[in-house]
Amino acid sequence: MTDCLFCRIVSKETPADIEYEDDEIIAFRDIYPKAPIHLLIVPKRHIESIATLGEGDAAVVGRCFLVARYLGERKGIARKGYRVNCHCGPEGGQVIYHLHYHLLAGKPS
């Protein structure tokens, strides 16, 4: 998916400030942060949105939340709290059509 920004980040064609990476997931800083800590947690395999998830995607979605927990601990925000948001479709506020989760912290919602 060369027209997908997140796929280009996964393939290292487009630079990003990467905070975490493993075989399935990449997490990086949002370039337009909405909070002092604003990370995007992205499955490396292209999945368009929640609306296109299949039964076989359950494990990678679960891994995204485990990565959120890990990042919360590593960033020192686990105790104070953070939120994990996901947008689905145009009316849900989705801008980039590659499944991703926003981890936000550092100010109340």
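A: First, the ground rules. This is a predicted model, where local features need pLDDT of at least 70 and side-chain atom pairs count only at pLDDT 80 or more, while totals for chains, interfaces and linings use all residues. Residues are numbered from 1 along each chain as its sequence is written, and side-chain values use heavy atoms, with hydrogens and water left out.

Q: Is I41 buried or exposed?

A: Buried means under 20% relative accessible area, exposed over 50%, partly exposed in between (1.4 Å probe, protein chains only). I41 counts as buried because its relative accessibility is 0%.

Q: Which residues does I41 touch?

A: Contact means heavy atoms within 4.5 Å. Not counting residues up to four places away in sequence, the contacts of I41 include I25, L71 and L103.

Q: Which residues touch the most other members of the largest nonpolar core?

A: In soluble globular proteins, nonpolar side chains tend to be buried together. A nonpolar core is a set of buried Ala, Val, Leu, Ile, Met, Phe, Trp, Tyr and Cys residues joined through side-chain atoms within 4.5 Å. Here the largest has 18 residues, and I25, I41, L71 and L103 touch the most other members.

Q: How far apart in space are I41 and D30?

A: From C-alpha to C-alpha the distance is 9.7 Å, and I41 and D30 are 11 residues apart in sequence.
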